[in-house]
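My plan is to pick one spot, look around it, and then follow the chain onward.

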Amino acid sequence: MTDDTQATLVSIGELARSTGLAVRTIRFYCDEGILDARRSVGGHRLFDAEPAVERVLLIKRLRALGLGLGSITEVLRGERSIAEVTAAESARLDVEIRTLAWRRACLRAVEDASPACRAERLALLAAAQDGGVAHDCLVRFWLRALAPIPAGDVDGWIYWNVPEPPGDPSVEEVVAYAELVAMVSDPELNRVVRRQYWRGPADRIREPRSLYGQIGDVMADVVPLVTDGVRPRGGDELDRFVDAHAGARGERDTRRFRAQLLNDATDSDHRIHRYWTLTEQLLGARITVGRAHNWVYRALVDSVEH
């Protein structure tokens, strides 16, 4: 070993002073296998000065960003780039921040409740303590309500009508979301919603997917009418709605059949209206299928009564 080579070696203490890290921290990195060291004749750790300083400073800077040793090791081994691990950490933090914001809103909601209502509020929020889990509950409810339509066919429907958990919810929003979750846990709501959507037992419908598609097209055309404040009325939208249901049952659009679609109707059920009221509170100005469906229902009632 030449003198020049010897000159490039530094002790663990010198490396610590050059990088601003504690000796024990550098020793830990060596033990973890992310920093290489040689051994002197006396058994002391020695490091190639320039690459060791660069490596330790990179570890220090990545640690300062909150990256774990697993991700740092992948960078040092060339398995992932710095851009990749920082993007992954950023995404993880987004989830964590949303989770903390949700928890904070839940805590404030309990705090803001009157003493007499606090126990009830606490029980309500306990069922929706995580926004992501709460959203999954709503999605599962609608997958059951829209069955036998395959899950992949209702993605757009769910995107439009099931509110995402607010990123930074207010007390009112987190309480509304929690109430939605509590409502969908009631099997009876599933029954009345299915009755409303399918206008009777779904197992009597010949081609549910075709009916689902046709009803979806009608609702898409009704949304602008609701937006513009057009009162429920007969016309193309209602005729197509009735035709779709008639065709799905091998029937024709007659006055008798329209009355049949109203048999045991659940459209006026207070739970359905409460569900969509809460949903609209979270979706803002968006017109939900609930409002569109109610528009068609009122038009259907009017066509039968007059």
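**Starting at a loop**

I looked up T288 first, and found T288 in the loop between helix 15 (270-283) and helix 16 (289-305). I'm working from a predicted model here.

Is T288 buried or exposed? I checked its relative accessible area and got 0%; the cut-off for buried is under 20%, so T288 counts as buried.

Next I asked which residues T288 touches, leaving out those up to four places away in sequence. My list reads W160, N161, W276, T279, E280 and L283.

**On to helix 16**

I then moved along to helix 16 and checked its length. At 1.5 Å a residue, its 17 residues should span 24 Å, and I found the end C-alpha atoms 24 Å apart, which agrees. I also looked at how covered helix 16 is: 13 of its 17 residues are buried, so I wrote down "mostly covered".

**A crossing partner**

I looked at helix 13 (residues 236-249) next. Its axis and that of helix 16 come within 10 Å and cross at roughly 90 degrees. That angle is why I call helix 13 roughly perpendicular to helix 16.

Who makes the contact, I wondered? From helix 13 I listed E237, L238, F241 and V242. From helix 16 I listed H293, W295, V296, A299, L300 and S303. I sorted the residues of this contact between helix 13 and helix 16 by type, and got seven nonpolar, two polar and one charged.

Key: Residues numbered from 1 in each chain as written. Predicted model: local features only at pLDDT ≥ 70, side-chain atom pairs only at ≥ 80, totals over all residues. Heavy atoms only, no water. Helix = DSSP H or I, 4+ residues; strand = E, 2+ residues; numbered from the N terminus. Buried < 20%, exposed > 50% of the residue type's maximum accessible area, 1.4 Å probe, protein only. Contact = heavy atoms within 4.5 Å. Axes fitted to C-alpha atoms, helices over the stretch in contact; angles between N-to-C directions. Parallel < 35°, antiparallel > 145°, perpendicular 65-115°, else oblique. Nonpolar A, V, L, I, M, F, W, Y, C, P; charged D, E, K, R; others polar. Expected span 1.5 Å × (residues − 1).
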